[in-house]
Amino acid sequence: QVQLVESGGGLVQPGGSLRLSCAASRSIFSYDMNWYRQAPGKQREQVARITTDSSTNYAESVKGRFTISRDNAKKTVYLQMNSLKPEDTAVYYCNTGVPVRFSWGQGTQVTVSS
């Protein structure tokens, strides 16, 4: 079973940037990987996807601001988040596409506030 550890979250002002990392305990090169987020009182939603050949797509709400990437040698997926907005506040998770193949990690909290 692959374990996922998300990191890089924090408190940032509107307009700021953060880079999230998702480190896997085993190789994930054969999996499409997604970043998800869950805001308080809301369902978890997919925000970005990267395929095994590094094609990407994004939710409309983050398109043009977020960039997903992967480093298979490091077993890590990244999410560069720019021009952050208060509505980006959430716990961010990574995993495969639905139905997810791995147990959920603990996530990393992103708070966008002045």
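Student: What makes a contact a salt bridge in this predicted model?

Tutor: A side-chain nitrogen of Lys or Arg must lie within 4 Å of a carboxyl oxygen of Asp or Glu. A search of the whole structure finds five such salt bridges.

Student: Why is the pair Asp32 and Arg49 called a salt bridge?

Tutor: The N to O distance between their side chains is 2.9 Å. The cut-off is 4 Å, so the pair qualifies. Asp32 lies in the loop between β3 and β4, and Arg49 in strand β5, so the bridge ties together parts that are 17 residues apart in sequence.

Student: Why are Asp32 and Arg49 called partly exposed?

Tutor: Partly exposed covers the range between the buried limit, under 20%, and the exposed limit, over 50%. Asp32 has a relative accessible area of 25%, so it falls in between. Arg49 is at 22%, so it counts as partly exposed too.

Student: How do you know that Glu60 is exposed?

Tutor: Exposed means over 50% relative accessible area. Glu60 has 64%, so it is exposed. Its side chain meets that of Lys63 in a salt bridge of 2.7 Å, N to O. Lys63, at 45% relative accessibility, counts as partly exposed.

Student: Which residues do salt bridges with shared partners join into one network?

Tutor: Arg37, Glu45, Arg65 and Asp88. One link is the salt bridge between the side chains of Arg37 and Asp88, at 2.9 Å, N to O. That pair links distant parts of the chain: Arg37 in strand β4 and Asp88 in the loop between β8 and β9, 51 residues apart.

Student: Why is Asp88 called buried?

Tutor: Buried means under 20% relative accessible area. Asp88 has 1%, so it is buried. Arg37 is buried as well.

Student: What makes the link between Asp88 and Arg65 a polar contact?

Tutor: The two side chains are joined at 2.7 Å. Leaving out residues up to four places away in sequence, Asp88 touches Arg37, Arg65, Phe66, Ser83, Val110 and Val112.

Student: What makes a group of residues a nonpolar core, and how many residues has the largest one?

Tutor: Members must be buried, come from the nonpolar set and be joined through side-chain atoms within 4.5 Å. The largest such core has 29 residues. Those with the most contacts inside it are Leu4, Trp35, Ile68, Val77, Leu79, Met81 and Tyr92. Several strands each supply at least two core residues, among them β4 (33-38), β5 (45-50) and β7 (66-71). The largest share, four residues, comes from β3.

Student: How do you know that β3 is largely enclosed by the rest of the structure?

Tutor: Count its residues: five of the seven are buried, so β3 is largely enclosed.

Student: What makes β3 a partner of both β1 and β8?

Tutor: Pairing needs at least two bridges. Four join β1 (residues 4-7) to β3, in antiparallel fashion. Leu4 has Ala24 as its bridge partner in β3. Six bridges join β3 to β8, also running antiparallel. There, Leu18 has Met81 as its partner in β8.

Student: Which residues does Met81 contact beyond its neighbours within four places in sequence?

Tutor: Gly16, Ser17, Leu18, Leu20, Arg65, Phe66, Tyr92 and Val110.

Student: Why do β2 and β6 count as edge strands?

Tutor: Start with the strand order of the open, six-stranded sheet: β2-β10-β9-β4-β5-β6, with mixed pairing. β2 (10-12) and β6 (56-58) each have a single partner strand, so one side of each is left without a neighbour in the sheet. From one strand to the next, the twist averages 25°.

Student: How do you know that β2 and β10 pair?

Tutor: The threshold is at least two bridges. β2 and β10 have three, in the parallel sense. In one of them, Gly10 has Val110 as its partner in β10.

Key:
Residues numbered from 1 in each chain as written. Predicted model: local features only at pLDDT ≥ 70, side-chain atom pairs only at ≥ 80, totals over all residues. Heavy atoms only, no water. Buried < 20%, exposed > 50% of the residue type's maximum accessible area, 1.4 Å probe, protein only. Contact = heavy atoms within 4.5 Å. Polar contact = N/O pair within 3.5 Å; in protein donor to acceptor, adjacent residues only side chain to side chain. Axes fitted to C-alpha atoms, helices over the stretch in contact; angles between N-to-C directions.
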